[in-house]
Amino acid sequence: MDERVKTGAAANGASTVDAGRRNFLKGSGGLGLSLSLPSFATALAPGFVGEALAGTKVPAYAKWEDIYRNEWKWDKVTWGSHLNICWPQGSCKFYVYVRNGIVWREEQAAQTAACNADYVDYNPLGCQKGAAFNNNLYGDERIKYPLKRVGERGEGKWKRVSWDEATADIADAIIDGLESQGSDAFILDSPHVHAGSVANSGGYRMTYLLDGVSPDNNVDIGDTYTGAFHTFGKMHMGYSADNLLDSELIFMTCSNWSYTYPTGYHFMTEARYKGAEVVVVAPDFNPTTPGADIHVPVKVGRDAAFWLGLCQVMIDEKLIDRQFVSEQTDLPLLVRSDTGKFLSAADVDGGHAKQFYVIDEKTRALRQAPRGTLRQDGPVALEGTFSAKLHDGKTVEVRPVFQLMKDQLDKEFTPEKASAKSGAPVSLIRELGRKVAKKRTLSYIGFTAAKSYHGDLFERSMYLAMALSGNWGKPGTGFYSWAYAEDNMFFLAVMNKPTAQGGMNEMAEMQKSFHERLKKEDPTSTDEMADIEFTKAVTVAMGAVPPAMWLYNHAGYDQLYNNKAWADPSLKTTFGGYLKEAIDKGWWTKDHLRPAPDKTPQVYMMISHNPIRRKRSGAKLYPEVLFPKLKMIFAMEVRMSSSAMYADIVLPCAWYYEKHEITTPCSGNPFFTFVDRAVAPPGECKEEWEGMALILKKVGERAKARGLTEFTDHYGKKRRYDELYSKFVMDGHLLTNEDCVKEMVQINVAADVFPKGYTYEKLRKEGQVKFTSLGQSVAKYACGNEYDPNKPFFPLRWHVDDRKVYPTHTRRAQFYFDHDWYLEAGEALPTHKDPPMMGGDHPFQITGGHPRVSIHSAHLTNAHLSRLHRGQPVMHMNDHDAVALGIKDGEMAKVFNDFASCQIMVRTAPNIQPKQCVVYFWEAYQYKDWKPYDILLLGIPKALHLAGGYEQFRYYYLNGSPAPATDRGVRVSIEKA
Amino acid sequence: MAYVPGGSKKELRKADRQLATVIDLNKCLGCQTCSVACKNLWTKRPGTEHMRWANVTTYPGKGYPRDYEKKGGGFRDGEPQPGKIPSVIDSGDNFQFNHNEVYYEGKGQSVRLHPVSNVTGKEPEWGYNWDEDQGGGQWPNPYFFYFARMCNHCTKPACLEACPTGAIFKREKDGIVLIDQDRCKGHRHCVEACPYKAVYFNPVAQKSEKCILCFPRIDKGIANACNRQCTGRVRAFGYLDDRDSQVHKLVAKWKVALPLHAEYGTGPNVFYVPPMGARGFGSDGEITDGSRIPLDVLEGLFGPEVRRVLDVLRTERAKMKAGQGSELMDILISKKWTDRFGGFTNDPLTQS
């Protein structure tokens, strides 16, 4: 029945409402005009009261309550959670209620304890998406049967086919690709963890076995902290959410917890009640700011100047922590005035090129800065100009980095100048500079940093402020909540045999060999450095590659990246020019440049992954440039995404509550949560793992039928088609999601992530388990602290308390990059640069990010959740700007730049900064002509991040290389549509 | 069972004890988990789809139902006031979407997924939470806060007074205001009379319905869904006369939780801790010490006590900053989440 008919009696508008009212009023004997006062007065109680009072009429009134009581009934309750990639939080423990064979509702179990009684617990832990997830299972966006395209890509003409037919088509395409282009033909556009920990491992495992290519998802989407990566040599240095409670001053920046971290938001408001001040640094008075004390209204893309203003105040007012700075950072290291390079032993006595120098404050003489520890042998000079005698007899002028920094700050970033550049008021810069120096300070910087062209400068400037004030490596400090223990996912992708058969021992032996080799080469090296080398090797084996080069070579992004009008004017050449130089210098090799520029990708796989939504300008370039090259696009999906609409084959998959799973959490909420199979998946949906196994089995069968036995991997080695399936399932050990979750538990026990002796049965019973450590892979070292389940977690303690060195060029938190490219571009020191005119000379600057009621696009088109807002794309803009353009709230606007245009509804608000416009995520097919706002975003990566030949300028899985996702601050014009 | 069907108004509104909720506007993040929790449990039934018994909107804004503050009802000087019935659109509509047309009808990019009003069949011009995140003020001093609402389970409910069939009553044991669905004849006087517009009409059942404070849960010792599921830990719940409950301490002892529009005269039992607000900028663009939320805006909602409450919050927070501790701040923080619920702390695992 048409919904409108059902509720027609109460329809809006005077005519319909009145008609409805008239009808029922007739029945009750009233007149339509006035229902109000007479019947409202207590004196006019109906006559049957008398009967009731007399006890002559006692109806069975318990009955009507059953309307409601019957709602509070179910057949069973299981554990559940959501494998969304809401990583800093996530892992929420839910009860899942099943009634009549369907999931009817879910509710937070609220059993996630505090680390100890002095801290706030995590409960109830679970947001609006999780508390409504049952609606997704049964929403109209759900895919239930395998679909094969019969019209044009994106046309929406499908034929229902069997899994057998679908996987045979895919298998043939994979074989065709391997035979014609080699293994570079197979692309897993590597997924987020939306499909779950098991599916995620499965995708990588499949790619690993096929020797395919996975453009690194993490870098591709800009979920990186390039500034941290370059400053500290790593970026997974998270804290737990309760760490906020140990802080006195909290900066929320490049983020919006109200939308993106609802379950952790209370730690912020509770820290505020505990006495901390909360400061939001954002262009708009964003939805997190109502919970803050101070809003710092930086202009879009100008954050670095704000932080540098704080640094100037601290130095100028002599508020800095000199010992912290001297030990932890490169600020005391000497730089040659003639070359801009660090003074090294190679200069002084022909020694080690990475042996650097400081000035002994007492003797005013040169002294070697230890490479194996951060501890200085006595006080060192931070200020001054000195001379150094070189082994070739020359004497050169040298100055500590600190002096260079101070000079630059005094020249360009006094509060007045920093204010003019950043938009932050002078009074705030002074007040906050002083406060950071005196208070235990923590930041939460979100991934908007990596989505800003000069976001690395925002970060480096912020870390400088924290360094000057001694604000890291202590309780209540840290920069974000992104550390993880993902050994279960990482190792399941590449293990050769089950843990019980020595699979993890084999991996541990490999790791150990890297450690021993590096230690032999350089006794001052750390386990952390060795583990990075190990991870680099596994990265290559997995086929993970930097995404920028893939997009540049194969998806048409060269036309964006090389557009000179949009480029940073301070760069010496185009992105392509930098790339060529980097390849010529050997910084990027054939292992990174995959598919090779002379190969053509053939098969493109997506796992609950939606590049048409999230790939900047992908809604234009993918269909126009990439997709025509591809012989097969297939999606393993639970819901019809914009990208699935372009697929040749869509394979329907089981969603949360329909398969066994385990969340893989971040440090923000350090708990693994079990997801039970509460109900069977609908239609012909299968677990992704099973689907992948079927594809690989089919590859073996089809190859055999075609008389093929082997293919050649990109190393030139032969691999057998008929081994793919058996290797994928570890000879029958891993056939189902449940098998995989069991294996993951064993991996985590072997890696000390779970307590000794922990079992799958225990997980299944208890539903949740807290980390006991960050495992054995790269995250263990990145955090630089032992995980203590009984305390809030904060990073970098090893460096501060134990003086362990950082995995950087200088072995210290590094604020000066004497790399030629950085020297040439004027970014050797943290500085401020206006964002380039990406998109052309247009008056407005775009910002945006994650929406409130969807994790990426997972929940975006669910009708139930779409009724929590306008149900369609909206762009927030300043009310005065809208008036000036003659656009009213609710009207459509055309938004355009040099590259593309879209139409979108305007939502006006005084809380948007003038000349800013904010758009959160929507599906492409929610826009007219499927031209989403994302089409305007370009995502031009910063070419300097192609730099190599420098310890921390490197790439390994999830880390490093240019992030092709810089959309904040893209220029657009707006007019009434 | 004190409820005497169709009993005198005096009897119908009698309650020995009163359950109350405190909503802390300094903690609310507008996430809608409360409204989702409520909808999922109670208002998916035919005829209830447009209803949001628990709702959150952005303030300043039109609220939910739209312009409820302008629709009359309640009492002035003890006298009932006339009211208007919100339309279904005012009450949130129930947008319909064209998924199948987009996905499967071969129309390609010529169609887009979009909502239509369930009432008009056209592009919606209003719906639930339509003015989310818009707020008030002027740049650089915009301000807003999220405002979660639900039925106030009033001590003197206007709906109860207005009901000609005596179908509305307060449960004697806990003061929950309920509409006897057998007895309700769908007159909707209650909808008009409620000044908070917390009563809705179910056009399928032809009855009025409203928040039932999750009584099937309450009866099992489980806090109601919007309160228990609130991920911002915004809400405290319990008996107002339970001296150990947070609601008692916040409302009666510390007196920092205020009723919304007390002037409506219904004796609401939902109380709000007013928002402290972010500091504003002066006319010179520099930072000031004062909140950017105009005091008169808050007084318009919560009355003249707001100033005192904000002073108390400031003073107690300063004590925390100084390391002196504060019982009030400890309550508002609630290290132990279960402390919020006045003893209604059973797991939601006992069914009716």
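Guide: Let's start with one term: contact means heavy atoms within 4.5 Å. Keep it in mind as we look at this predicted model.

Visitor: Happy to. How many helices and strands does chain A have?

Guide: Chain A has 36 helices and 31 strands. Along the principal axes, its C-alpha atoms fill a box of roughly 115 × 75 × 55 Å.

Visitor: Let's turn to sheets. In what order do the 6 strands of the open sheet in chain A come?

Guide: Reading across the sheet, the order in chain A is β5-β4-β20-β19-β18-β6, with mixed pairing. At the edges are β5 (158-160) and β6 (186-188) of chain A, each of which pairs on one side only. From one strand to the next, the twist averages 20 degrees.

Visitor: How do β4 and β5 of chain A pair?

Guide: Strand β4 (residues 147-149) of chain A is antiparallel to β5(A), with 3 bridges between them. To find one on your screen, pick A:L147, whose bridge partner in β5(A) is A:R160.

Visitor: Which strands does helix α8 of chain A lie across?

Guide: Helix α8 (residues 197-210) of chain A lies across β6, β18 (603-607) and β19 (632-637) of chain A, and runs at about 160 degrees to β6(A). Helix α28 (residues 688-705) of chain A also packs on the sheet, where it touches β18, β19 and β20 (649-652) of chain A. The direction of α28 makes about 150 degrees with that of β19(A).

Visitor: Now a helix pair, please. How is the packing of two helices described?

Guide: The general idea is to give the angle between the two axes and the distance between them. Take α8(A) again, with helix α30 (residues 737-750) of chain A: their axes come within 10 Å and cross at roughly 90 degrees. That angle is why α8(A) counts as roughly perpendicular to α30(A). The residues in contact are A:S197, A:V198 and A:S201 from α8(A), and A:N737, A:C740, A:V741 and A:M744 from α30(A). By class, this contact has 4 nonpolar residues, 3 polar and no charged.

Visitor: And at what angle do the axes of α13 and α19 of chain A cross?

Guide: Helix α13 (residues 303-316) and helix α19 (residues 455-468) of chain A have axes that cross at roughly 20 degrees and come within 8 Å. Angles under 35 degrees count as roughly parallel, so α13(A) is roughly parallel to α19(A). The crossing of α13(A) past α19(A) is left-handed.

Visitor: Which residues of α13(A) and α19(A) meet?

Guide: From α13(A), they are A:D303, A:A304, A:W307, A:L308, A:C311, A:M314 and A:I315. Facing them in α19(A) are A:L457, A:F458, A:S461, A:M462, A:L464, A:A465 and A:L468. This contact divides into 12 nonpolar, 1 polar and 1 charged residues.

Visitor: Back to strands: which strands of chain A close into a barrel?

Guide: The barrel has 6 strands, in the order β26-β30-β27-β29-β28-β31 (chain A), and its pairing is mixed. Its twist averages 45 degrees from one strand to the next.

Visitor: How many bridges join β26 to β31 in chain A?

Guide: Strand β26 (residues 844-849) and strand β31 (residues 971-976) of chain A run antiparallel and are joined by 2 bridges. Within this pair, A:Q845 has A:R971 as its bridge partner. Strand β28 (residues 892-896) of chain A also pairs with β31(A), in the antiparallel sense over 4 bridges, and A:V895 is partnered there by A:I974. In turn, β28(A) pairs antiparallel with strand β29 (residues 901-909) of chain A over 5 bridges; A:A893 stands opposite A:I904.

Visitor: Last topic, the backbone. Which residues does a cis peptide bond join, with omega about 5 degrees?

Guide: That bond joins A:N123 and A:P124, and A:P124 is in the loop between β3 (102-108) and α6 (133-137) of chain A. Another cis peptide bond links A:R594 to A:P595, with omega about -10 degrees. You will find A:P595 in the loop between α25 (575-584) and β18 of chain A.

Visitor: What is the phi of B:K197?

Guide: B:K197 has a positive phi of about 55 degrees, although it is not a glycine. Look for B:K197 in the loop between α5 (189-193) and β12 (199-202) of chain B.

How values were computed:
Residues are numbered from 1 along each chain as its sequence is written. Chains are lettered from A and ligands numbered from 1 in the order in which they are written. This is a predicted model: local features need pLDDT of at least 70, side-chain atom pairs count only at pLDDT 80 or more; totals for chains, interfaces and linings use all residues. Side-chain values use heavy atoms; hydrogens and water are left out. Axes are lines fitted to C-alpha atoms, for helices over the stretch in contact, and angles run from 0 to 180 degrees between N-to-C directions. Angles under 35 degrees count as roughly parallel, over 145 as roughly antiparallel, 65 to 115 as roughly perpendicular and the rest as oblique. A crossing is left-handed if the near helix is turned anticlockwise from the far one by less than a right angle, and right-handed if clockwise. Ala, Val, Leu, Ile, Met, Phe, Trp, Tyr, Cys and Pro count as nonpolar, Asp, Glu, Lys and Arg as charged, and the others, Gly among them, as polar. Two strands pair if DSSP finds at least two bridges between them.
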